[in-house]
Amino acid sequence: MDKPVTPRDAAPGPRRRDRHGRGMRGPIAPPQVPLAASRAEAFADLVQDSVERLERRWPQLADIDFLVLEVPRLDGPGQAWNDEAVPLGGTIGAREGHPARVVVYRRPVEIRTKGRDERAALVHEVVVEQVAELLGLTPETVDPRYGEDQG
């Protein structure tokens with residue numbers, strides 16, 4: 001005689017996959033692999049690389065905060081940009097209790113570039129221009145290679 005099949009007890013702990021092989025899965029890549037970095041994290045790394053390059057020549061940059069924001073804000077009514085006037089970066093002068101800041105806007109930079117190398121070059125250009133404005137220097141003084149073709 002056939003013995004009836006009894007249902008298997010559920011294993012303790014969270015279930016990783018359902019019976020069809022779908023369901024929760026692990027990460028695609030381990031955290032130390034660049035694939036696991038988000039686009040925002042990868043962009044912030046480009047800004048940090050650029051700042052580190054400049055800090056060797058300009059140690060006073062250690063006193064400046066470098067920020068990445070998604071997009072620039074429109075402050076005030078009636079302000080707008082046309083296609084060519086969306087800023088890629090900006091500066092905020094030092095105020096009482098607050099250090100000077102350089103801001104790089106991620107989305108406008110990403111939209112204007114194809115690929116990581118081109119994006120890294122544009123990020124560096126924006127950082128150099130903003131640092132130059134903050135220090136009252138020309139971009140060529142801040143980075144002698146400014147304006148050279150990177151590719």
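Modeller: Let's start with a word we'll need: a residue counts as exposed when over 50% of its relative accessible area is open, and as buried when that value is under 20%. Keep in mind that this is a predicted model.

Biologist: Okay, is Arg39 buried or exposed?

Modeller: Arg39 counts as exposed, because its relative accessibility is 53%.

Biologist: How should I read a salt bridge, and how many does the structure hold?

Modeller: In general, side chains of opposite charge can pair when their charged atoms come close. Here the structure holds six salt bridges. In one of them, Arg39 meets Glu110 at 3.2 Å, N to O. That pair links distant parts of the chain, with Arg39 in helix H1 and Glu110 in helix H2 (residues 106–111), 71 residues apart.

Biologist: Which other residue forms a salt bridge with Glu110?

Modeller: Arg106 does, and the closest N and O atoms are 2.9 Å apart. Glu110 and Arg106 are four residues apart in helix H2, so about one helical turn separates them. Both are buried. Through shared partners, salt bridges join Arg39, Glu70, Arg106, Arg107 and Glu110 into one network.

Biologist: And what does Asp143 pair with?

Modeller: Asp143 forms a salt bridge with Arg53, at 3.8 Å between the closest N and O atoms. Asp143 lies in the segment after helix H4 (139–142) and Arg53 in helix H1, so the pair ties together parts 90 residues apart in sequence. Asp143 is buried at 10%, whereas Arg53 is partly exposed at 32%.

Biologist: Where do negative charges gather in a patch?

Modeller: On the surface, where Glu41, Asp45, Asp49 and Glu52 come together. Glu52 is found in helix H1 (residues 39–55), and its 37% relative accessibility makes Glu52 partly exposed.

Terms used:
Residues numbered from 1 in each chain as written. Predicted model: local features only at pLDDT ≥ 70, side-chain atom pairs only at ≥ 80, totals over all residues. Heavy atoms only, no water. Patch = residues over 30% accessible without salt bridge, like charges linked within 9 Å, V, L, I, M, F, W, Y side chains within 5 Å. Areas by Shrake-Rupley, 256 points an atom, 1.4 Å probe, with all protein chains shown as cover. Salt bridge = Lys/Arg side-chain N within 4 Å of Asp/Glu carboxyl O. Lys, Arg positive; Asp, Glu negative; His and termini not counted. Charge placed at Lys NZ, Arg CZ, Asp CG, Glu CD. Helix = DSSP H or I, 4+ residues; strand = E, 2+ residues; numbered from the N terminus. Buried < 20%, exposed > 50% of the residue type's maximum accessible area, 1.4 Å probe, protein only.
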